[in-house]
Amino acid sequence: SLFPRPRSDLLHLAGSPTRLLERSRARSAGAPMKRGVFFDFDSTLTTPIKIARFNRYAVADRPEIFGNMTAEEIVANFGGLPRLARLRALLTALREASCELFIVSIGFRDPCILPHLRAVGLLDFFPLENIYGQDSRELRSYECVKGRLIATLMAARSWSHEDALFIDDSEKHIRAAADICEVLHVAGQGLSDSELDHIQALSCSGGVRDLVFAERGTLASGDREAAGPEDTYN
């Protein structure tokens with residue numbers, strides 16, 4: 001087993017999207033499928049854009065922004081129509097593989113996350129009781145430490161470490177959950193095509209543990225590219 005491992009030993013991989021998917025598939029043979037997948041929202045499902053009239057990025061801890069975005073801005077905040085199609089394809093594949101899907105975010109669930117998921121047709125993939133934000137009693141009861149909530153949800157389902165995958169762009173949240181379940185640290189501002197392919201290969205066919213993808217070169221352990229909003233909304 002790769003666990004337990006030092007927290008500093010989170011793995012960064014580099015290469016083209018094709019090479020990354022080949023590595024993921026090569027390592028997935030014979031590994032168990034995931035029973036649950038936990039997604040962050042901002043900069044994971046979304047790719048936050050800057051709204052000029054607010055001079056701020058559109059992230060889910062800003063209800064005053066999320067509540068006043070146009071339909072076109074909401075789509076752009078998910079990366080545009082082609083990326084939304086990729087997200088739907090992934091979520092469909094996960095659901096067909098009997099993965100239970102969750103969102104665990106420090107954004108606001110009711111005024112921000114739910115309306116935007118509904119607007120782009122992604123809400124139906126997530127049971128309402130599986131969507132958590134900073135306004136959710138369950139997440140607040142764990143002082144908004146995502147790993148603690150995930151551990152409780154997994155224990156209630158008798159899931160082991162290998163049964164679940166947690167995906168987030170925040171290294172802080174990834175490190176806090178690394179001993180609880182398998183983790184994927186999003187390398188950029190939102191899941192890339194290669195990361196979406198990797199999640200499908202890992203979750204629907206099994207795969208490797210604790211992968212951090214960097215499509216634009218190898219990153220030193222713990223480094224991140226500075227592009228757009230940072231950990232204030234993860």
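This is a predicted model: local features need pLDDT of at least 70, side-chain atom pairs count only at pLDDT 80 or more; totals for chains, interfaces and linings use all residues.
Two strands pair if DSSP finds at least two bridges between them, and strands here are DSSP runs of E with at least two residues, while helices are runs of H or I with at least four, all numbered from the N terminus. Residues are numbered from 1 along each chain as its sequence is written, and side-chain values use heavy atoms, with hydrogens and water left out.

So, to β2. Four bridges join β2 to β5, and the two run parallel; V37 has L101 as its bridge partner in β5. β2 and β7 also run parallel, again joined by four bridges, and there F39 stands opposite I167. From β2, G36 and F38 point one way, V37 and F39 point the other way, and all are buried. Buried means under 20% relative accessible area, exposed is over 50%, and partly exposed is in between, with a 1.4 Å probe and protein chains only.

Now the aromatic rings. Rings of Phe, Tyr and Trp (for Trp, its six-membered ring) pair if their centres lie within 6.5 Å; planes under 30 degrees apart are stacked, over 60 edge-to-face, and the rest tilted. That rule gives five aromatic pairs. In one of them, F39 and F126 have ring centres 6.2 Å apart and planes at 85°, so this pair is edge-to-face. F39 belongs to strand β2 (residues 36-39) and F126 to the loop between α5 (109-119) and β6 (131-132), so the pair ties together parts 87 residues apart in sequence. Both F39 and F126 are buried.

Next come F102 and W159: their ring centres are 6.2 Å apart with planes at 85°, so they are edge-to-face. Here too distant parts of the chain are linked, since F102 is in strand β5 (residues 100-104) and W159 in the loop between α7 (146-156) and β7 (164-168), 57 residues apart. F102 is buried at a relative accessible area of 0%, and W159 is buried at 11%.
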